[in-house]
Amino acid sequence: MRVLPWLLLGLGLGWLAPTRVRADLHSYAIVVGSNRGGHGQQRLEYALQDARRVAELLVELGRTPRDHLQLVLEPSPEVVEQAIAALRPKLAAHAARGEGSRLVFYYSGHARARALSLGERELPLDALRSALMALPSTLTVVVLDACQSGAFSGVKGAQPAADFSTSSVFDLRNEGVAVMASSTAAELSQESSELSSSYFTHHLVTGLRGAADQDLDEAYRYAYQNTLSDTLRTRVGSQHATLETELKGHGSVPLTYTADADAVLRLPEAIEGRVIVQRPQRGTVLAELSKAPGAVLTLALPHGRYEILVRRGIAAEIYACQVTLLQRVPHALDTTGCQVAKLPTHTGKGGDSPPPWERERWFLEAGASFRFAHDDAYVDTLEQFQFEDQGSPTGGLEQGSFAPQLALGGNLHRNAQLLGRFDRLAARNFYRRLEADRPEETEFEWRSYSIALAARGRWPLLGERLAPFAELGIGLGFAGNDFRFETSEDSQWEFGPVVLAALGITAHLWWRIGLVLKVGYDYAPILSNKMNQNHDDGGLSLGLGLRLRGLRGAF
Amino acid sequence: MSHSPRPPANAAARRAFTASLRGLALRGLLLLPATAGCASGGPDSAEPSNPGFVFWCGATPCNWEVDEGSVHKVSTWHRHDYAVSFDGPDRTRISQFRDTRFVGCLHFDVTAKIDKDATLTLGVDFNNDGTIDLSQLQPELPWRNVPFTIPTPTAYQGLRYSLLKQGAGTAQVAHVLVSTLDDCPNFPLQLKAGSPCADESVCESGRCLDERCAGDEAVSQPTKSE
C-alpha cells in the first residue's frame, strides 16, 4: 500500500520572489527511489521506476542538466544525506555570484510516521528537513511519494500505522514552505500495475508533460483530480491530494518547460476521450489523460515511436495509432487511418483498481490432507508374509493417514497459476509376530513424500472470493522404509515419478487469508520389493488448508 | 483357531508394548544366539519353533533338522526377510519334532514358492516313529500362502513335521505356521500300520497288536489260521 504521497513544495528559504524563473536559474535535482520496505513493510513494485521517470522528466523538460541530477536508488540514510550535502558548495557558489538556483528533491518509497523507510533503516523527517533547509538554494521543491506498509491488512478498515501526512507537514513546514499530499491522514494510496507507477506520480508526470500547465498549482490540480478519479472505485479507497503553500512572492512556479521539448504531440480539438501514450515495445505508459473536445492539448515527449490509444467514452473500441515523433517537429494526432482495436485490459485503468488476480503475486497454501491407503500386490505380499497392517504410525488408521501438504505458487494469468508442491503421500506401518511365545517381532514401515511442479487452471467467482480450480503436475517421489527385526534395522530410500491431479476451490473471506479445499488423486509408484512389485503410494486424498497470498501494488 | 497374540490396536499402546518387548530382547541380547536354537513355542506346543525361518544356526534354520539334501537361506520380498530354499538335486528334507499331546485339529499356513519341476510335501509323523501319517502335497506356486487343516489321532506321543522337496527344481518355504483347533471335521485321524497304539480305536486297521497298529495282513492272518 502506497500511503500518502507527498509534495512538499517550495521550501523557499528566505526568497521565492519573483517565482517566475530567472534566466540565470540553475536547476539541480536529487531523485531517490527505494522499493525496499522495513520491518512489516512489503516490497514496492514501482518506486524505482517512478524515480527514473521523474529523473527523465527533469532532464528532458525541467532544465536540469544531467550532471546536476543525482539519481539515488535503494540508498541508505547516509547516502541521501551525503547527496544533499554534496550540493551545498555548488548552491553556495551560485548564491555568492547572485545567481538563482532550484533544487528538486523527489523521494518514492516507504515511510513511517516521522521518517522515510530506506529498507530496514530510517531517515527521520527532522533530519531531512534540517538538511534541506540548510541548503542555500533560492527555491527548493521537495516531492515525497511515500508508502507505508502494514496498512493493507484488508480492504475494509485499513489504516495507516501512523499519521504520516499530518506529522510530515508539521515537521517540514516552515516559512515559505508548501506541502502537497496525495491523501489525507486516514486514506491509503496505491500503486497501479496497469500504469506501472503510483497513481499520483503518474498523473503528476503526465500533467508536467503538458496535460496541465506546468506550474506548481496546475500540476497539483491535475494530479489531484486524476488521482481521485482513478482511486475512487478501488478497493483501497480514494486519495485526496492536498497542497499547502507558504510561498513568498508572486506568480507561478514552473516545474517543467514544454517549450524545451524534444518532440511534441498535439491532440487536436476533435480528439475526445481517454488518451494513452505508450511505448510500442515495452508497453510503458508515458501519459494517460482525458481529453475534452474543443481544446488543443500538447504533450511534450522524447522523440521516437509511440502507440497512441484513443477511447471515446465507454466505447468498447479504441483507436490504436502508431506515431513517430521527430525532433523539433510538432506532430498532430490524426485518428483517420489508425487501427480499430479491442480494448486492452490496461486501458481500463481509469477508476478501476487492478484486478485481484493481478494483485496476487504469490500464494502459500499449507494444510493437511487425509490420504486413503492404497492396497495393491505389494501390500498383498506383505500380508502373505504374515504382516499385519497397523495403518498410519500416527493415529493407527488403516484407512489412510493425515498428511501435511504445502504449496507455493504465483499467478501467470487470471486463469493460470504455477505452483510447487510438497506433500507427504503416505505413512504406513506393518507388524509381524510369528510365534506366540517368543518376543521377536518384525516391523516394516515407510513414509513417502513428493515434490512436484503443477499448473493450476482457475475460474474466479464473486470478485475473486471463490475460485474453483483444476490442477495437474508432475514431480519426484521419495520414500524411506525401515525393516526392523530384533535389534537390527535396515533403512533404504527409494525414488520414483509422481503424477498428481486435483480439483478444488479457494475461498477468501478475508483479503489475504483464505481457505483451500481440494480432492486429489496421485499416482506415485515409488516403492518396490524384491519380487518386482511396485507400490503406488498415491491414491485419493481430501485436503483442507489455509491460504495466504501476497499482493501486488498495495501495501 | 488359536494364533500368535496380536499387539494392542492402539498405536501408542502398541509402541509401548513393542518397546517393552524390544527392551527384553535387548537385555537378553547376549543370550539370544544361545537360546534361538532351543527356544520353542512351549514344551508341549504343537506350533513349530522358528516357523518363519528367521533364525539361522549356521547354514541351517534353527530348530529344524536337515534330514536329506541341503538347504540355504534366501531373501524373499525384502533382502532381510528370509525363506529356506530346498535346492538339492532330488530329495531334500527338513523336519522338526514337537513333544505335544494336543488332540484336535492342526491348521497350517504354508507360504511357499515351488518350481514347476519340483514338488513339496508337508508330512506329519505322529508318535515320531518314522511313519508319515498324513501328508499334503503343495501345488506349484509363485509365492503363495496355502492354508489347510488336518486332524490328530485321539492319542499320540509327540509329532514330527517334515518338509520334503522332490524333483530337480527348487522350492522355497517362508513360513510353516501351525495353529490348533479344538473342534474340527474328520477327527480323529486313524494311524497307519506300525504306529504305536494303546487300543484299536486309533488304528486305521482297527487292530492294535503289541501296542502297534496292525496292517491289513494282520487282520487276515487270523482268518487263515482259523
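# Briefing on a predicted two-chain model

Strand β6 of chain B, covering residues 92–98, pairs with β11(B) in the antiparallel sense over seven bridges. Chain B has three helices and 14 strands, while a search of the whole structure finds five disulfides over all chains.

**Strand β11 of chain B and its partners**

- Strands of a sheet are held in pairs by backbone hydrogen bonds, in either a parallel or an antiparallel sense.
- In the pairing of β6(B) with β11(B), which is antiparallel, Q96(B) stands opposite Y161(B) in β11(B).
- Strand β11(B) is also joined to β8(B), by eight bridges, and these two strands run antiparallel.
- F126(B) stands opposite L159(B), a residue of β11(B).
- Strand β11 of chain B spans residues 159–166 and is mostly covered, with seven of its eight residues buried.

**Disulfides of chain B**

- With bonded cysteines counted along the chain, the disulfides of chain B follow the pattern 1-2, 3-4, 5-7, 6-8.
- C57(B) and C62(B) are joined by a disulfide with an S to S distance of 1.9 Å.
- The torsion about the S-S bond of C57(B) and C62(B) is about 110°, and the disulfide is therefore right-handed.
- Another disulfide is formed by C105(B) and C184(B), whose sulfur atoms are 1.8 Å apart.
- The link of C105(B) and C184(B) is right-handed, with 85° about the S-S bond.
- This pair links distant parts of the chain, 79 residues apart: C105(B) is in strand β7 of chain B, and C184(B) is in the loop between β12 (171–181) and β13 (208–209) of chain B.
- Both C105(B) and C184(B) are buried.
- A disulfide also connects C197(B) with C208(B), at an S to S distance of 1.9 Å.
- With 95° about the S-S bond, the link of C197(B) and C208(B) is right-handed.
- C197(B) counts as buried because its relative accessibility is 8%, which is under the 20% cut-off.

**A loop residue of chain B**

- K116(B) is found in the loop between β7 (105–114) and β8 (119–126) of chain B.
- K116(B) counts as exposed because its relative accessibility is 71%, which is over the 50% cut-off.
- Although 54 residues separate K116(B) from T170(B) in sequence, the two are 8.6 Å apart in space, C-alpha to C-alpha.

**Chain B overall**

- Chain B has 226 residues, of which 49% count as buried.
- Among contacts in chain B between residues at least 6 apart in sequence, 69% join residues at least 24 apart.
- Chain B has an accessible surface of about 10,600 Å², and 52% of that surface belongs to carbon and sulfur atoms.

**A three-stranded sheet in chain A**

- Chain A contains an open sheet of three strands in the order β15-β12-β18, with mixed pairing.
- The edge strands are β15 (297–301) and β18 (331–332) of chain A, each of which pairs on one side only.
- Strand β12 of chain A, residues 263–267, is joined to β18(A) by two bridges, and the two strands run parallel.
- L265(A) stands opposite H331(A) in β18(A).

**Confidence in chain A**

- The mean pLDDT of chain A is 77, and 75% of its residues reach 70 or more.
- The pLDDT is below 50 over residues 148–176 of chain A, a stretch that has 97 contacts in the model beyond near neighbours in sequence.
- Over residues 344–358 of chain A the pLDDT stays under 50, and the model has 53 contacts for this stretch beyond four places in sequence.

Key: Residues numbered from 1 in each chain as written. Chains lettered and ligands numbered in written order. Predicted model: local features only at pLDDT ≥ 70, side-chain atom pairs only at ≥ 80, totals over all residues. Heavy atoms only, no water. Pairing = 2+ DSSP bridges. Helix = DSSP H or I, 4+ residues; strand = E, 2+ residues; numbered from the N terminus. Buried < 20%, exposed > 50% of the residue type's maximum accessible area, 1.4 Å probe, protein only. Disulfide = S-S within 2.5 Å. Contact = heavy atoms within 4.5 Å. Areas by Shrake-Rupley, 256 points an atom, 1.4 Å probe, with all protein chains shown as cover. pLDDT = per-residue confidence, 0-100.
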